[in-house]
Amino acid sequence: MCCQKNRNIFRRLKNCKPQTAKCKPQIAFCLLLSAFCLITLSSCDKEEMLYNNNWNLQFVSMNGEPLNDSLQLNVIPYFTYYTFFYANSLEVVTYSRGQYIRSSDGFYQFINSSTIKMRFTLLHKPYDIEAKIKKLTRKELNLEYKDNGNTYFLKLFTN
């Protein structure tokens, strides 16, 4: 009896024709849904990498030339930190003229996955920067922006 049932099942399977026409739209939908989720999650990860880290400015260049002179920058690069918070607020802290100074009115916003807009006031000077994100990992952030005809490159690191 058992063998008879197994034979019937095998016959049905043998005579069964795959319904590939019905499966193709379902497979395509699953692939599209997977791609959408991957893109959405990867952009969230990029923003998540910035949050609640003290990004230490390590290197600044203007038009491809390194800027090491603190008189040109009005700040000492190695003692400048950017901190991005969840509510799109931004704080910049720098060491200048013998004391640490905090920015005011700090704000940032992602324009797209490779561009960030930052606005803050530091040492009574307002900054309104739209920077391209050249590199963003859990430990390194590279930004490039233009101001007054000059191209600036910033390299920041975090722990």
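Modeller: Strands (E, at least two residues) and helices (H or I, at least four) are DSSP runs, numbered from the N terminus. The model is predicted, with pLDDT of at least 70 required for local features and 80 or more for side-chain atom pairs, whereas totals for chains, interfaces and linings use all residues. Numbering starts from 1 along each chain as its sequence is written, and side-chain values use heavy atoms, without hydrogens and water.

The protein chain contains three helices and 10 strands, in the order α-α-β-β-α-β-β-β-β-β-β-β-β from the N terminus. Strands pair when DSSP finds at least two bridges between them. Strand 10 is joined to strand 9 (residues 140-147) by eight bridges, and the two run antiparallel. Within this pairing, F153 of strand 10 is the bridge partner of E144. Two residues separate strand 9 from strand 10 in a hairpin, and N148 in its turn has a positive phi of about 50 degrees.

L141 and L143 are among the residues with the most contacts inside the largest nonpolar core, which has 28 residues. F84, also listed there, is in contact (heavy atoms within 4.5 Å) with several residues, including L141, I116 and W55.

Conventions: A nonpolar core is a set of buried Ala, Val, Leu, Ile, Met, Phe, Trp, Tyr and Cys residues joined through side-chain atoms within 4.5 Å. Buried means under 20% relative accessible area, exposed over 50%, partly exposed in between (1.4 Å probe, protein chains only). Lists of a residue's contacts leave out its neighbours within four places in sequence.
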